[in-house]
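Please examine the sequence and the structure below before reading on. The paragraphs that follow lead through selected features of both chains.

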Amino acid sequence: MKPTKSLLFIAGTLTLFAVFAALVLMSAQTVSAIAPAEAAQQDLKDCLRCHEQPATLWESSPHREHNVSCTVCHKLADSVGTHPETSKYTVESEETTCLACHGSASKENVASEMAASQHAAVGLNCVSCHEQHSQGLKVASEARTVCENCHKAEMRNMVESTHFAAGLSCVNCHMGDGKDHSMNISASTCSDCHTDLHQAREMLDAGVEVNAMANPKALVTQVPAEQTPPTAPQGGVHLPAWVYALAGVIIGGVAAWAAFGREPGSANRKNPN
Amino acid sequence: MTEHESKQVNAEENAGTTRRDFLKLAGAMVAAAGVTQFIPSAKIAARAASEEESKHQWGMLIDINRCIGCQYCTFACDAVNNLAEDMRYCVVTTETTQSGDEFFLSRPCMHCEEAPCVHVCPVGATYKRPDGIVAMNYDLCIGCRYCQIACPYEARVFNWKKPIELSPQSPTFGYPEVPNRPRGVVEKCTFCSHRIDAGLERGLMPGVDSQATPACVVACPTSARVFGDLNNPESPISEALANAKVTLRLREELSTKPRVYYIPPDPKTENPFQGS
């Protein structure tokens with residue numbers, strides 16, 4: 001083999017390796033970014049065929065945004081059986097579904113807040129207020145807020161209050177900005193807005209508008225900023241890793257053959273002249 | 001033999017055959033009438049046997065002291081049975097005790113052991129299942145509404161209109177789980193028998209596993225409703241009945257023997273929602 005040929009061989013092999021490695025790395029990155037979303041899509045496609053209503057609710061839910069799909073909460077009762085013929089999906093308990101993510105291990109720790117509440121004392125659970133598929137609030141048709149489903153008398157008082165006129169609702173005091181599920185009022189609940197109660201009294205007596213009280217920002221019902229999940233990179237062709245691998249092998253093989261394949265069994269070599 | 005004579009003979013022969021046949025028929029009818037005398041008792045005996053065979057007898061307990069009048073039971077029932085607001089099987093009303101205290105009375109079908117509705121139905125469209133549930137066969141119902149008049153608990157509703165597409169309580173409180181009933185039949189609470197039957201098939205226990213338990217019981221946020229097998233001493237309802245100091249059934253003086261028990265309002269129990 002001539003030295004130019006061997007140099008060409010080494011350079012070609014290195015280039016091929018580089019191209020192949022880049023392809024594999026790129027595809028692996030893409031797959032890891034979109035894998036949960038794909039699984040969620042697949043779940044939805046399969047489940048939607050029969051369970052249209054819950055799937056529709058889930059489609060626009062926070063769980064959807066975070067790719068918490070059907071099978072995260074619903075487990076197949078029998079791993080051998082097939083759904084729906086011989087095996088059904090179960091509705092798991094709150095401990096293994098909601099609290100798996102929103103429990104004491106999580107940052108928000110709704111579970112311990114809830115456990116400290118009067119709601120838990122009378123037996124309420126997550127789905128008493130939240131619709132499980134949309135995770136929205138179960139506001140009854142004749143109620144204004146989910147609280148009014150049960151607290152009708154309190155709501156009747158509330159709508160006649162100055163607080164209601166100022167645009168406050170139940171959760172502004174009973175949950176606060178941190179969405180405290182214990183529903184307890186903290187020491188600062190009143191003073192957050194009414195920095196000086198006596199001063200506020202004087203202000204009211206002087207005919208000052210309610211909205212002009214201290215810290216007017218707190219009077220506005222704050223809607224927490226929507227958390228946008230990391231979106232999968234847009235554009236490009238997302239193919240499984242093995243396609244890239246196969247393409248690499250084929251390209252490499254063809255290139256190797258084109259560069260050196262003729263050497264041992266080439267007809268030209270047999271009859272050099 | 002002239003043609004006329006032969007015709008006459010034939011007529012006589014025919015008449016003879018007819019008489020013999022008539023006597024045979026009459027005999028058969030008498031025998032049949034005799035047999036039918038035994039059918040009702042045989043039917044009752046068969047029904048009694050099937051009642052004994054069913055090992056489950058479903059019942060419900062409603063604790064008035066825990067009820068906060070939120071109507072979740074009604075909403076869940078509406079959603080699961082796909083009911084319009086004027087067709088409710090389960091209603092919550094505000095009632096007053098003799099001492100003037102208000103309380104919430106939630107009322108499903110009582111599923112009486114001696115159900116007046118079953119007795120009056122002229123076509124057998126409403127019947128008692130071996131597990132104690134008073135059920136309807138909507139294909140047989142002629143819409144005479146005798147059962148609606150006979151029911152002392154106003155548990156039955158007549159379907160005046162075409163069934164609605166989707167209940168206003170759906171999907172917030174659930175999804176339709178049973179087929180819509182046609183117009184012109186009387187409808188009623190089924191104790192969610194579709195859930196019970198499907199649940200038992202899958203080895204779930206109604207009253208314990210939520211998927212096999214009536215929707216109203218699952219939806220109740222304060223667990224005021226307890227469901228289960230009255231025959232099983234370890235079922236939630238048997239334990240709740242054993243632990244309750246006082247239980248009563250509505251209109252017990254009528255001897256309808258309802259399967260829905262109540263824990264009456266206790267003046268000592270503070271229920272902040274009462275009277276609201």
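In which loop of chain B does B:Gln71 lie? B:Gln71 lies in the loop between strand S1 (58–63) and helix H3 (72–81) of chain B; helices (H or I, at least four residues) and strands (E, at least two) are DSSP runs, numbered from the N terminus. This is a predicted model, in which local features need pLDDT of at least 70 and side-chain atom pairs count only at pLDDT 80 or more, while totals for chains, interfaces and linings use all residues. Residues are numbered from 1 along each chain as its sequence is written, chains are lettered from A and ligands numbered from 1 in the order in which they are written, and side-chain values use heavy atoms, with hydrogens and water left out.

Most residues other than glycine have a negative phi, and most peptide bonds are trans. B:Gln71 has a positive phi, near 70°, and is buried at a relative accessible area of 16% (buried means under 20% relative accessible area, exposed over 50%, partly exposed in between, with a 1.4 Å probe and protein chains only). B:Glu154, likewise not a glycine, has a positive phi of about 55°, but it counts as exposed at 65% relative accessibility. The loop that holds B:Glu154 runs between helix H5 (146–150) and S6 of chain B.

Helix H6 of chain B (residues 193–201) has B:Ser193, B:Arg195, B:Ile196 and B:Gly199 buried. These residues lie on the same side of H6(B), because they cover an arc of only 160° around the axis, the arc being that of the directions from the helix axis to the C-beta atoms. The buried residues of H6(B) pack against S1, H3, helix H7 (215–219) and strand S8 (225–229) of chain B. Just after H6(B), B:Gly203 takes a positive phi of about 80°.

Chain A contains 14 helices and two strands, and buried residues make up 21% of its 273 residues. Among contacts (heavy atoms within 4.5 Å) in chain A between residues at least 6 apart in sequence, 46% join residues at least 24 apart. Helix H13 of chain A (residues 241–265) includes A:Leu246, which counts as partly exposed at 47% relative accessibility.
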